[in-house]
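Hi everyone, thanks for coming. Please have a look at the sequence and the model on the screen, and I'll walk you through a few things in it.

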Amino acid sequence: MMSVSLIWGIVVAICCCFWLILGMRRRKMGEPPLENGLIPYLGCALQFGANPLEFLRANQRKHGPVFTCKLMGNYVHFITNPLSYQKVLCHGKYFDWKKFHFTTSAKAFGHKSIDPSDGNTTDNINKAFIRTLQGDALNSLTEAMMENLQLIMRTPAAPESKMPTWVTEGMYAFCYRVMFEAGYLTLFGRDLMGQDAQKALILKKLDNFKEFDKIFPALVAGLPIHVFKAAHHAREKLAEGLRHENLGKRDHMSELVRFLNDMLSTLDDTEKAKTQLAVLWASQANTIPATFWSLFQMMRSPEAMKAATEEVNKTLESAGQKISLEDQTICLNQMQLNDMPVLDSIIKESLRLSSASLNIRTAKEDFTLHLQDGSYNIRKDDIIALYPQLMHLDPEIYPDPLTFKYDRYLDENGKTKTTFYSNGLKLKYYYMPFGSGATICPGRLFAVQEIKQFLILMLSYFELEFLESNVKCPPLDQSRAGLGVLPPLNDVEFKYKFKHL
Ligand code: HEM
């Protein structure tokens with residue numbers, strides 16, 4: 001028995017030596033400094049996963065602004081100087097931005113490749129997202145969202161009580177419930193059954209969404225969904241509701257969902273439904289925590305509450321809108337929503353503090369990357385990554401970076417501020433929760449409008465209070481770093497009641 005273990009030990013040791021001698025990449029002339037990590041295949045993945053921000057800061061201190069790390073079998077070149085971001089984006093012809101995105105989506109949602117080059121889509125899917133989420137399509141989306149938000153918010157939690165009474169709830173749970181329901185109805189339309197039955201159905205979908213979303217980081221890391229029975233079941237249930245025959249029973253579906261069904265013509269119904277699920281996830285997974293942080297940060301700052309309330313009242317007044325629970329719903333058009341710099345600044349500042357997205361491109365061929373701090377040789381199939389949280393929390397660009405300042409994105413005239421500097425130079429990219437360049441989020445305009453609408457309605461219809469007078473800011477859930485806006489690690493209790501209108 002002893003000798004079998006000994007033989008195995010020797011075999012493993014020899015394999016490790018071979019890996020160290022043959023398998024480990026060596027830095028070539030002109031390439032960025034390299035961190036291989038000590039574990040075969042994983043490389044530095046464990047240290048990166050434990051705290052990406054600290055890991056990247058430590059490597060920045062050790063190697064300078066550009067360095068390469070081995071992560072899950074990939075060589076990832078991190079570009080950390082924000083003055084270089086613009087230069088990275090100029091090298092578009094060397095990047096394949098689709099490869100990583102399409103593969104990750106197929107892995108997480110279980111659909112076939114939607115890469116147009118594989119022949120399953122009839123059009124450029126990215127163009128379709130832009131066409132159906134921006135321009136004219138954005139008008140109908142925001143109009144529908146405003147109606148759906150009010151449908152949900154104006155229905156009292158305790159319908160039997162006519163008097164306004166305080167309701168206590170976790171703020172994250174509240175934002176999750178309201179935004180999920182309103183967002184789902186806006187994209188996928190209303191069920192033709194009654195409102196109560198529809199609500200019950202959506203709450204079931206919400207439970208399934210939470211169950212699936214919980215393991216999303218593991219799926220992106222490459223674990224198969226079969227390991228997670230409950231999440232697998234939840235994903236199948238969500239996709240079931242998005243099958244063609246079920247969507248056919250819904251009214252007022254968004255252009256995006258209708259168009260996607262037509263575009264994926266070569267996929268069968270199950271595959272199409274899984275692609276619709278990817279859209280559901282993209283539309284909700286970041287918007288929900290972003291809504292929470294915007295409401296939380298605004299309520300925690302008396303100056304922000306005062307400035308936001310004044311702006312909301314002024315906008316409603318000049319739009320001739322009356323706040324009433326009996327009469328018509330509030331209605332604001334794009335132009336009126338766009339002219340709210342205080343709410344814009346509150347949302348931006350909340351996202352600056354909570355977002356941690358990883359922007360990734362794959363090198364299509366060997367090439368030289370010319371950056372602010374020098375030129376670097378990149379090998380085919382390597383990954384170029386930006387991690388904008390480093391910039392969002394850089395004290396030179398954003399003094400006192402961990403403090404929420406509601407007016408950080410306002411200039412001296414109260415208009416949107418766009419001048420931020422690093423090393424004395426004006427930055428083109430200073431705010432990137434939505435990514436950048438070819439992979440920038442196509443839903444970003446809608447996302448900001450829906451969060452803004454949510455804040456307007458909360459301030460208009462409700463009195464709002466935290467349960468604790470000196471409420472602490474919950475820590476960010478780092479397990480989702482790289483995926484977008486990080487949710488709070490714990491919920492925060494608050495209470496709300498209808499105003500006497
Ligand atoms: C605060 C809310 C949101 C944030 C922070 C956010 C952020 C992002 C980021 C970082 C990406 C990837 C960009 C990259 O890889 O460089 C992305 C992609 C995407 N987002 Fe958003 N997003 C939000 C809301 C939305 C909404 C509301 C929708 C749709 C209704 C949406 C639809 C999409 C789609 C379809 C993609 C994939 C685009 C593609 O691969 O071509 N997002 N988003």
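Let me start with the cysteines: how many disulfides does the count come to? The count comes to zero. Keep in mind as we go that this is a predicted model.

The cut-off here is 2.5 Å between the sulfur atoms.

One more cysteine, please: Cys 441. The UniProt record, an unreviewed entry, has a "binding site" annotation that covers Cys 441. Where is Cys 441 found? Cys 441 is in the loop between strand S14 (425–426) and helix H20 (444–461). Its relative accessibility is 27%, so Cys 441 counts as partly exposed.

Now to the rings. A search of the whole structure finds 31 aromatic pairs. One of them is Phe 48 with Tyr 387, an edge-to-face pair with 6.5 Å from centre to centre and 70° between the planes. This pair links distant parts of the chain, 339 residues apart: Phe 48 is in helix H2 (residues 45–50), while Tyr 387 is in the loop between strand S12 (383–386) and helix H19 (389–392). Are Phe 48 and Tyr 387 buried or exposed? Both are buried.

A second pair to find on the screen is Tyr 172 with Phe 292, also edge-to-face, at 5.6 Å centre to centre and 85° between the planes. Tyr 172 belongs to helix H8 (residues 171–188) and Phe 292 to helix H15 (residues 287–300), so this pair ties together parts that are 120 residues apart in sequence. Tyr 172 and Phe 292 are buried. They also belong to a cluster, where ring pairs link Tyr 172, Tyr 176, Phe 292, Trp 293, Phe 296 and Phe 466.

Lys 495 lies over the face of Trp 166, 4.6 Å from the ring centre. Likewise, the charged end of Lys 348 sits over the ring of Tyr 431, at 5.8 Å from its centre.

Next, helix H18, residues 341–354. What should its 14 residues span, at 1.5 Å a residue? They should span 20 Å, and the end C-alpha atoms are 20 Å apart, which agrees. In H18, 14 of the 14 residues are buried, so the helix is largely enclosed by the rest of the structure.

Last stop, the sheet. Strands of a sheet pair through backbone hydrogen bonds, either parallel or antiparallel. Here we have an open sheet of six strands, in the order S1-S2-S3-S12-S9-S4, and the pairing is mixed. Which are the edge strands? They are strand S1 (34–35) and strand S4 (95–96), and each pairs on one side only. Inside that order, strand S9 (residues 359–363) runs antiparallel to S12, and four bridges join the two.

Note on methods:
Residues are numbered from 1 along each chain as its sequence is written. This is a predicted model: local features need pLDDT of at least 70, side-chain atom pairs count only at pLDDT 80 or more; totals for chains, interfaces and linings use all residues. Side-chain values use heavy atoms; hydrogens and water are left out. The expected span of a helix is 1.5 Å times one less than its number of residues. Buried means under 20% relative accessible area, exposed over 50%, partly exposed in between (1.4 Å probe, protein chains only). UniProt positions are given in the numbering used here, feature names are shortened, and annotations may be inferred rather than shown by experiment. Rings of Phe, Tyr and Trp (its six-membered ring) pair if their centres lie within 6.5 Å; planes under 30 degrees apart count as stacked, over 60 as edge-to-face and the rest as tilted. A charge sits over a ring if NZ of Lys or CZ of Arg is within 6 Å of the ring centre and within 35 degrees of the ring normal. Two strands pair if DSSP finds at least two bridges between them.
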